[in-house]
Amino acid sequence: MRIIVGISGASCAILGIETLKSLGELGVETHLIISKGAQKTIESETNYSVSDVCALADHNYEDGDLGALVSSGSFRTDGMIVAPCSMKSASAIAHAYDANLLVRAADVCLKENRRVVLMPREMPLNKAQLRNLLECAECGCTILPPMLTFYNKPSTLEEQVHHIVGKALMQFGLDSNKFKPWDGNL
């Protein structure tokens with residue numbers, strides 16, 4: 001299996017980092033694109049450096065490299081996860097505005113009927129943002145906002161993050177051992 005991971009400049013870069021770690025543990029080949037905004041967010045929000053995050057992926061691409069492998073539909077992947085997905089990236093994906101590699105890779109996945117999972121990270125959402133997310137969904141994206149859950153009785157923020165990442169991986173038929181599914185009991 002081969003999945004593209006995009007980390008955009010929205011808050012919550014840890015979602016992209018944990019997605020990469022989980023995919024690596026599952027033996028999935030990863031192709032990473034980190035936006036310029038995400039580079040700053042990684043440094044300010046986490047204990048990781050950008051090079052630490054790049055080391056988690058099998059392949060890395062500069063966001064400005066529109067000639068990269070992942071910019072072509074002839075390069076086969078199983079899809080893409082954008083974690084987190086900024087409203088700027090969501091807007092660009094909704095309108096196929098391929099100004100950078102992260103958006104181009106998502107656009108390629110959509111045109112090739114491959115799965116694209118967006119983890120939008122903004123709140124509250126205004127009407128334009130909601131319209132853009134609806135456009136993304138209508139184009140074929142799965143919108144998976146990082147919502148808190150409590151049925152799994154998390155005791156740490158890390159457990160919440162693992163749950164959210166686990167939900168994203170389920171979209172590709174992957175199961176993370178860090179994910180606690182609903183057990184049917186109230």
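Two strands are said to pair if DSSP finds at least two bridges between them. Strands (E, at least two residues) and helices (H or I, at least four residues) are DSSP runs, numbered from the N terminus. What you see is a predicted model, in which local features need pLDDT of at least 70, side-chain atom pairs count only at pLDDT 80 or more, and totals for chains, interfaces and linings use all residues. Residues are numbered from 1 along each chain as its sequence is written, and side-chain values use heavy atoms, with hydrogens and water left out.

Now for the sheet. It is open and has 6 strands, in the order β3-β2-β1-β4-β5-β6, with parallel pairing. β3 and β6 (141–143) stand at the edges with a single partner strand each, so one side of each has no neighbour in the sheet. From one strand to the next, the twist averages 20 degrees; angles run from 0 to 180 degrees between N-to-C directions, and axes are lines fitted to C-alpha atoms, for helices over the stretch in contact.

Let us look at some of the pairs. β1 and β2 run parallel and are joined by 6 bridges, and Ile 7 has Ile 34 in β2 as its bridge partner. Together with α1, these two strands make a right-handed β-α-β unit. Right-handed here means that, with the strands pointing away from the viewer, the path from the first strand over the helix to the second runs clockwise. On to β3 (residues 59–62), which runs parallel to β2 and is joined to it by 4 bridges; here Leu 32 stands opposite Asn 60. Elsewhere, 5 bridges join the parallel strands β4 and β5, with Gly 79 opposite Arg 115 in β5.

Helix α4 (residues 87–94) lies across β4, β5 and β6, at about 145 degrees to β4. Helix α6 (residues 127–139) lies across β5 and β6, at about 135 degrees to β6.

Buried means under 20% relative accessible area, exposed over 50%, and partly exposed in between (1.4 Å probe, protein chains only). The largest core has 28 residues, and Ile 7, Leu 32, Ile 34, Val 53, Ile 81 and Met 119 touch the most other members. Elements giving two or more residues to this core include β1 (2–7), β2 (29–34) and α7 (157–170), and α7 gives the most, with 5 residues. A second, separate core of 26 residues includes Phe 75, Val 82, Ala 90 and Leu 110. As for β2, 5 of its 6 residues are buried.

Ser 22, in helix α1, counts as buried because its relative accessibility is 1%. Beyond its neighbours within four places in sequence, Ser 22 is in contact with Val 165, Leu 169 and Ser 176. Its C-alpha atom is 9.8 Å from that of Leu 174, 152 residues apart along the chain.

Last come the cysteines. A disulfide is a pair of cysteine sulfur atoms within 2.5 Å, and by this rule the count is 0. For Cys 12, the nearest cysteine sulfur, that of Cys 85, is 13 Å away.

Key: Core = buried A, V, L, I, M, F, W, Y, C linked by side-chain atoms within 4.5 Å. Contact = heavy atoms within 4.5 Å.
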